[in-house]
Amino acid sequence: MFLTDKFRRPITDLRISITDRCNYKCVYCRTGNEGALYGDLPFEDYLRMARVLVGMGITKVRLTGGEPLLRKGVVDFVRDLAQLRTPNGDRNKDKDPLDIALTTNGHLLADLALPLKDAGLTRVTVSMDAVDPDRFARITRVPNGYEHVLAGIRAARRAGLWPLKVNCVLMRGFNEDQIIPFGMFAREEGVTVRFIEFMPLEEGRTWSPTTVVTLDEILARMAEYRPLVEIPHARSETARRYRFDDGVGEIGIIAPVSHPFCGHCSRIRITSDGKIRTCLFSVWDHDLHGEMRRGASDEELEDFIRGVIQKKEERHHIGEPDFVPASRTMVHIGG
């Protein structure tokens, strides 16, 4: 009944991109020019995909983009997702509620945080790559965006969307000097800041190993501010977690380049145009929505999904001689 790939990894986490449109043009993602879009689907199509996959053992759904809060109707979609229940293997117990998360750049979050929470959203992650307004504008290419994002973070905290995480992609030459300021931010704002190593998923294909600020460098830089204590984490978690020595504030580090975690990957993705991707760095898409257009039943969709899961890659090959860039860039995959 439950999804497991050929490497015996259980597949429990689903990311659904509900649009590949974005109101930011971050330097580590976009070229700054308008690019082609794959487009998006009616919410009822994403809901059917989610319902089938939850019935197969998915327990966590994360909504991504582009920028998902650009989609009108996102609150109603979260409410519909919240009606889904996950199998728990015990016929004598009620099925468990679905864990629903959302990743956003935060620009529109202030007005939507409470409605999303009331609709059934469990938690939110906000992308924010500097705690200095001028540096933030340089990275995002959006003037005056910093105050909008900060207001969104605080509104999400008030709404009870917890744990509240703030993701920072570090890129040498742009924001590596923000490590200690973000440590202070985590302590002052009561959020978990997660640093992400820069990955080769940008539109401009400018990535090189020299642009990556590694986990070891982040830890060394933060130790100049305060000592960190590592927190145990589940093997399938993407982030290594640390708290400050006095117990105030937490950071995480997602290090797919220097410390890959592919061996315990539990994730698959659905793109905004309805393709399954089994890895961020896949060179193939699998057209789930195409099967729906051809009139496939839910049982036939399940068979299609099981076949796709068996093609899930063992690992990525970033930095290796045989590395082939992903067939889509990040904005067209979904975070």
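Q: Which residues are linked in a network of salt bridges here?
A: Asp273, Lys275, Arg277, Asp285 and Arg328 are linked that way. Keep in mind that this is a predicted model.

Q: Take Arg277 and Asp285. How far apart are the closest N and O atoms?
A: They are 2.6 Å apart in the salt bridge between Arg277 and Asp285.

Q: Is that Arg277 buried or exposed?
A: Arg277 counts as buried, because its relative accessibility is 0% and the cut-off for buried is under 20%.

Q: How many salt bridges does the structure hold?
A: There are 23 of them. One is between Arg172 and Glu217, with the closest N and O atoms 2.9 Å apart.

Q: What does the Arg172 and Glu217 pair tie together?
A: Parts that are 45 residues apart in sequence: Arg172 sits in the loop between β7 (164-170) and α6 (179-189), while Glu217 is in helix α7 (residues 215-223).

Q: What about Arg306, which residue does it form a salt bridge with?
A: With Asp303, and the closest N and O atoms are 3.6 Å apart. Both residues belong to helix α9 (residues 298-309), where being 3 residues apart puts about one helical turn between them. Arg306 counts as partly exposed at 33% relative accessibility, whereas Asp303 is exposed at 53%.

Q: OK, switching to helices. Which residues of α2 are buried?
A: Helix α2 covers residues 74-81, and the buried ones are Val74, Val75, Phe77, Val78 and Leu81.

Q: Where do those buried residues fall when you look down the axis of α2?
A: They fall within an arc of 160°, so they line one face of the helix.

Q: What covers them?
A: The cover includes helices α1 (43-55) and α3 (109-119), plus strands β2 (60-64) and β5 (99-104).

Q: Now the outside. Which residues form a nonpolar patch on the surface?
A: Val283, Trp284 and Val324 do, and together they have about 330 Å² of accessible area.

Q: Where does Val283 lie?
A: In the loop between β13 (275-277) and β14 (286-287). Val283 is partly exposed, with a relative accessible area of 39%.

Q: Let's zoom out. How many helices and strands are in the chain?
A: The protein chain has 9 helices and 14 strands. Its radius of gyration is 19 Å, close to the 20 Å that the globule rule gives for 335 residues, so the chain is as compact as a globular protein of that length.

Q: What does the C-alpha trace span?
A: About 55 × 45 × 40 Å along the principal axes.

Q: What share of the residues is buried?
A: Buried residues are 52% of the 335 in the chain.

Q: What about contacts, how much comes from residues 24 or more positions apart?
A: They account for 72% of the contacts with a separation of 6 or more.

Q: Backbone next. Which peptide bonds are cis?
A: Gly66 lies in the loop between β2 and α2. Another is the bond from Trp162 to Pro163, where omega is near 0°. Pro163 is in the loop between α5 (145-159) and β7.

Q: Which residues have a positive phi without being glycine?
A: Arg8 is one of them, with phi of about 65°. Arg141 is another case, with phi near 60°.

Q: Where are they found?
A: Arg8 is in the segment before β1 (13-17), and Arg141 is in the loop between α4 (133-140) and α5.

Q: Buried or exposed, those two?
A: Arg8 is exposed, with a relative accessible area of 76%. Arg141 counts as partly exposed at 38% relative accessibility.

Terms used. Residues numbered from 1 in each chain as written. Predicted model: local features only at pLDDT ≥ 70, side-chain atom pairs only at ≥ 80, totals over all residues. Heavy atoms only, no water. Buried < 20%, exposed > 50% of the residue type's maximum accessible area, 1.4 Å probe, protein only. Helix = DSSP H or I, 4+ residues; strand = E, 2+ residues; numbered from the N terminus. Arc of directions from axis to C-beta. Contact = heavy atoms within 4.5 Å. Patch = residues over 30% accessible without salt bridge, like charges linked within 9 Å, V, L, I, M, F, W, Y side chains within 5 Å. Areas by Shrake-Rupley, 256 points an atom, 1.4 Å probe, with all protein chains shown as cover. Salt bridge = Lys/Arg side-chain N within 4 Å of Asp/Glu carboxyl O. Rg over C-alpha atoms; globule rule 2.2 N^0.38 Å.
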